[in-house]
Amino acid sequence: MKTVRLNNDVIMPMVGYGTYQIPAAKTRDNVLQAFRTGYRLIDTAQYYGNEDGVGAALQESGLPRDQVFVTTKVQTSGYAETKRGLDESLKRFNDVWPEIP
């Protein structure tokens, strides 16, 4: 798998599993299958309505936090609203994957 070295020397996969248009009820199972296949980068968004399922799969996977990357997108405008949106996404992940700092 191709990777990229970030400025903090963390190695991140360049190819990820996208969750766009995966129904919320199926997200957990699909992301778990992606992990079993070898994916370590998961892409989601508030708009997709499936961040909870991604978080559930993260928790159930048993994968160490330092081996998995999650990208999400907030649907906001302006600094304060974007900050709130990010906090909301982190809360959805934290509810099921409490290791997120």
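Two strands count as paired if DSSP finds at least two bridges between them. In this predicted model, strand β4 (residues 41-43) meets that condition with β5, the two being joined by three bridges in the parallel sense.

**Sheet**

The pairing of β4 with β5 is part of an open sheet of three strands, ordered β3-β4-β5 and parallel in its pairing. The edge positions belong to β3 (17-18) and β5 (69-71); each has a single partner strand, so one side of each has no neighbour in the sheet. Strands of a sheet pair through backbone hydrogen bonds, in either a parallel or an antiparallel sense.

The largest nonpolar core contains 13 residues. Those with the most contacts inside this core are Tyr17, Val31, Phe35, Ile42, Val54 and Leu58. Helices α1 and α2 each supply at least two residues of the core, and α1 gives the most, with four residues. In soluble globular proteins, nonpolar side chains tend to be buried together.

Burial in α2 involves Glu51, Gly53, Val54, Gly55, Ala57 and Leu58. Of these buried residues of α2, Val54 and Leu58 are also among the residues with the most contacts in the core. After α2 comes glycine 62, which has a positive phi near 75°.

**Salt bridges**

The structure has five salt bridges.

| Aspartate 9 | Arginine 5 | 3.9 Å |

Aspartate 9 and arginine 5 are both exposed. Aspartate 43 is partly exposed at 23% relative accessibility, and lysine 73 is partly exposed with a relative accessible area of 37%.

Glutamate 51 has a relative accessibility of 2% and counts as buried, because buried means under 20% relative accessible area. Separately described is a network of salt bridges that links Arg28, Asp29 and Glu60.

**Aromatic pairs**

Two aromatic pairs are present in the structure. One of them is formed by tyrosine 20 and tyrosine 48, a tilted pair with 5.0 Å centre to centre and 55° between the planes. Tyrosine 20 belongs to the loop between β3 and α1 (24-37), and tyrosine 48 to the loop between β4 and α2 (51-61), so this pair ties together parts that are 28 residues apart in sequence. Tyrosine 20 is partly exposed, its relative accessible area being 46%.

**Loops and backbone angles**

Most residues other than glycine have a negative phi. Aspartate 9 has a positive phi of about 70° although it is not a glycine. Aspartate 9 lies in the loop between β1 (3-5) and β2 and is exposed, with a relative accessible area of 53%. The salt bridge to arginine 5 is also made by this aspartate.

Glutamine 21 likewise has a positive phi, near 70°, in a residue other than glycine. Glutamine 21 is located in the loop between β3 and α1, where tyrosine 20 also lies. With a relative accessible area of 65%, glutamine 21 is exposed.

On the surface, Met1, Met14 and Val15 form a nonpolar patch with about 330 Å² of accessible area together. Valine 15 sits in the loop between β2 (11-13) and β3, and at 43% relative accessibility it counts as partly exposed.

Glycine 78 lies in the loop between β5 and α3 (79-94) and is partly exposed, with a relative accessible area of 48%. Between glycine 78 and methionine 1 there are 77 residues of sequence separation and a C-alpha to C-alpha distance of 36 Å.

Key:
Residues numbered from 1 in each chain as written. Predicted model: local features only at pLDDT ≥ 70, side-chain atom pairs only at ≥ 80, totals over all residues. Heavy atoms only, no water. Phe/Tyr/Trp six-rings, centres within 6.5 Å; stacked < 30°, edge-to-face > 60°. Buried < 20%, exposed > 50% of the residue type's maximum accessible area, 1.4 Å probe, protein only. Core = buried A, V, L, I, M, F, W, Y, C linked by side-chain atoms within 4.5 Å. Patch = residues over 30% accessible without salt bridge, like charges linked within 9 Å, V, L, I, M, F, W, Y side chains within 5 Å. Areas by Shrake-Rupley, 256 points an atom, 1.4 Å probe, with all protein chains shown as cover. Salt bridge = Lys/Arg side-chain N within 4 Å of Asp/Glu carboxyl O.
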